[in-house]
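Biologist: I would like to learn how to read a two-chain model. Please take me through it one feature at a time.

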Amino acid sequence: MKEIPFFPYQVVRELALASFVLGVLLILAALFPAPLGEEAVPGEVTAIEPQWYLSPLFGFLAFWWANVSENLSIAIALPVVVLVIILLLPFIDTGEEEAAPPMKRRAWSFAGVVFILVLLYLAYYAYTANFASYAELLP
Amino acid sequence: MSLTKLIDWLDERFEIRRDLERALRRTVPKQASGAVYCLGGIAFLAFLVEVVTGIALARYYQPNAALAYESVRVITYEVPLGSLVRSLHYWAGNVMVAAVLLHMLRVYFMGAYRKPRELNWVVGVALLLLTFTFGFSGYALRWDVASYGATSIMVLAPASLPFAGAWVMKVFLGDVAITGETLTRLYFLHVFLLPMAAFVLMLIHFLIVRRQGIASYM
């Protein structure tokens, strides 16, 4: 495998990329300021907007409530189980090579794509679910 | 003073020259400058932006239910450059989560978590959880209607679990409802516990990469 010296080649590349990313962050911050809504009233839930990366989780809870059961115990336990499986992945997929192209690991790649599609659907569900379907989740 | 003289001065005292030369002369696989390998680095860079802007925001933010929202409003509309710093913190946080997720997908689809890199995958998943917890706790600090509702679900859903659910939430967040107590604890989590844990885990993550090199199938 071809090697290149860390200094100066890799260092210059990294600095160039870092400058670019910092520039993008500054432009985003200047053009799209962080939002700030009305002040919360403790004890009163009148709006629920999960962050985009937590929306599959919220979607899953709302989906479970609407379509499966009003008992949330399993719905809360299931993401934990999925997380443990992800955590233990290297001990489940014990392939010989230390890495392989996605097309050589078809089953794993397929499972990954399906998992992403499920998360996207749940995120979509979270954004389209009406507020009432969340408020009912509160005890 | 020229750079060479500065290094000489330091070398006389700490004998750094040999280690410095070895560090700079190291080679890296050319493959590692490919586009998909920059994601972890971008996540780290975004984290550094979070540290700097977070320290600036902490000088004005009030982790108290009665004052929190007002202090965010003051940061946004009255403090010079306050809105820019807050928006940078907001955007760098989102970019960090996105970069961490894409980095994870890269490692997953290449199977780069396989032997001998099992443990670094485990550390990486822990860092993903830390990143999510950073986002969740930081969002709660805003204390506006939308973030309050989302935080309520995240805290109250686990509290509805049978047996220990309510007790665990009470221990960790002070109450089974979202009160000022919860806000103060999430603040402590966001600005102290999580950064400490993140620094340690990132150091381990990077040292392991340094020792094992980057997985390759070429």
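**Domains, fold and contact**

Modeller: In this predicted model, the C-alpha centres of domain 1 and domain 2 of chain A lie 31 Å apart. Domain 1 covers residues 1-34 of chain A, and domain 2 covers 40-135.

Biologist: Which helices and strands make up chain B, and in what pattern?

Modeller: Start with the count, then the order. Chain B has nine helices and one strand, and the sequence runs α-α-β-α-α-α-α-α-α-α. Its radius of gyration is 21 Å, well over the 17 Å given by the globule rule for 218 residues, so chain B is more spread out than a compact globule. The C-alpha trace of chain B spans about 55 × 45 × 30 Å along its principal axes, and 37% of the 218 residues count as buried.

Biologist: How many residues does each chain bring to the contact?

Modeller: Each side is counted separately. Chain B gives 69 residues and chain A gives 62. On the chain B side, the elements that each supply at least two residues include helix H3 (39-58), helix H6 (118-142) and strand S1 (27-29). The largest share, 13 residues, comes from H5(B). By class, this side of chain B has 45 nonpolar, 14 polar and ten charged residues.

Biologist: In which sense do S1 of chain A and S1(B) pair, parallel or antiparallel?

Modeller: Look at the bridges between the two strands. S1 of chain A (residues 3-5) and S1(B) pair in the antiparallel sense, over three bridges. At one of the residues, A:Pro5, the bridge partner in S1(B) is B:Thr27.

How values were computed:
Residues numbered from 1 in each chain as written. Chains lettered and ligands numbered in written order. Predicted model: local features only at pLDDT ≥ 70, side-chain atom pairs only at ≥ 80, totals over all residues. Contact = placed C-beta atoms within 7 Å. Helix = DSSP H or I, 4+ residues; strand = E, 2+ residues; numbered from the N terminus. Nonpolar A, V, L, I, M, F, W, Y, C, P; charged D, E, K, R; others polar. Pairing = 2+ DSSP bridges. Domains from an automatic or database assignment. Rg over C-alpha atoms; globule rule 2.2 N^0.38 Å. Buried ≥ 20, exposed ≤ 12 C-beta atoms within 10 Å, placed from the backbone.
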